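The sequence and the structure come next.

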Amino acid sequence: MTTAEITREEILAVYPKIAQIIADVLGCDAEQVKLDVPLIEGLNAESIDFLDIVFSLERAFKVKIRRDKIVEDTRGDLPEAAFEEKGYLTEVGLTRLREYLSEVPADRFRSPMRVVDIPRLFTPETFCKIVARGLRAGPGDLSRAGSEGTRAPKTDA
């Protein structure tokens, strides 16, 4: 990954506001929105909720979060065929994803993993990192902020 690591301070600086946004969208108490709780399995988020969360984060932090980019950013310079095959991550792709989503415990990464299941790994900390990258890029350079974005999940939930 070419992006400098997001610091704990950057994460904690945006976390309270992000926790409140997620709580508002999901209709739960902000205290339930811990940094490491899985949004889908832990807080019952659905695809439409991810869209609302992203829209609210963009508005609140004045950053652009482009969809369909987390896979591309995770893949980096790795050819698509080396990253995924027939909708499933390769072992190399899974290793890259573990590095990119370093906030997610290793036991949550399953092999084989479908590309469309990547959002099942997302936590509030994932969104904190995305927003922090957007803030680093600054309001004058939303293209860099967007390159760290996410996509709405396609889940079977």
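## An exposed aspartate and its partner

D77 counts as exposed, because its relative accessible area is 70% (buried means under 20%, exposed over 50%, partly exposed in between, with a 1.4 Å probe and protein chains only). D77 forms a salt bridge with R96, and their closest N and O atoms are 3.5 Å apart. In a salt bridge, a side-chain nitrogen of Lys or Arg lies within 4 Å of a carboxyl oxygen of Asp or Glu. This pair links distant parts of the chain: D77 sits in the loop between helix 4 (70-75) and helix 5 (80-83), while R96 is in helix 6, 19 residues apart.

## Basis of the model

This is a predicted model, in which local features need pLDDT of at least 70 and side-chain atom pairs count only at pLDDT 80 or more, while totals for chains, interfaces and linings use all residues. Residues are numbered from 1 along each chain as its sequence is written, and side-chain values use heavy atoms, with hydrogens and water left out.

## Overall layout

The chain has eight helices and two strands, which follow the pattern α-α-α-α-α-β-β-α-α-α along the sequence. Helices (H or I, at least four residues) and strands (E, at least two) are DSSP runs, numbered from the N terminus.

Of the 157 residues in the chain, 50% are buried. The chain exposes about 8,000 Å², and carbon and sulfur atoms supply 51% of that area (Shrake-Rupley method, 1.4 Å probe; for residues, only the protein chains shown count as cover). Among contacts with a separation of 6 or more, 65% are between residues 24 or more positions apart; a contact means heavy atoms within 4.5 Å.

## Other salt bridges

How many salt bridges does a search of the whole structure find? There are nine. One of them joins the side chains of E41 and R120, at 2.6 Å from N to O. Because E41 lies in helix 2 and R120 in the loop between helix 6 (91-100) and helix 7, the pair ties together parts that are 79 residues apart in sequence. E41 is partly exposed at 44% relative accessible area, whereas R120 counts as buried at 18%.

The side chains of E103 and K129 also meet in a salt bridge, at 2.6 Å from N to O. Here E103 is in the loop between helix 6 and helix 7, and K129 is in helix 7, 26 residues apart. E103 is buried with a relative accessible area of 12%, and K129 is buried at 5%. Salt bridges that share partners join E41, R108, R114, D117 and R120 into one network.

## The cavity

The whole structure has one cavity of 30 Å³ or more. On a 1 Å grid over the protein atoms alone, a cavity is a set of points where a 1.4 Å probe fits but cannot get out, and lining residues have an atom within 4 Å of a point. Grid points are joined across faces, edges and corners, and the volume is the space filled by probe spheres set on the points.

The volume of the largest cavity is about 30 Å³. Its lining consists of I70, Y100, L101, E103, T126, K129, I130 and R133. Helix 7 (residues 124-137) gives the largest share of this lining, four residues.

How values were computed:
On a 1 Å grid over the protein atoms alone, a cavity is a set of points where a 1.4 Å probe fits but cannot get out, and a pocket is an open set with protein on both sides within 12 Å along at least five of seven lines; lining residues have an atom within 4 Å of a point.
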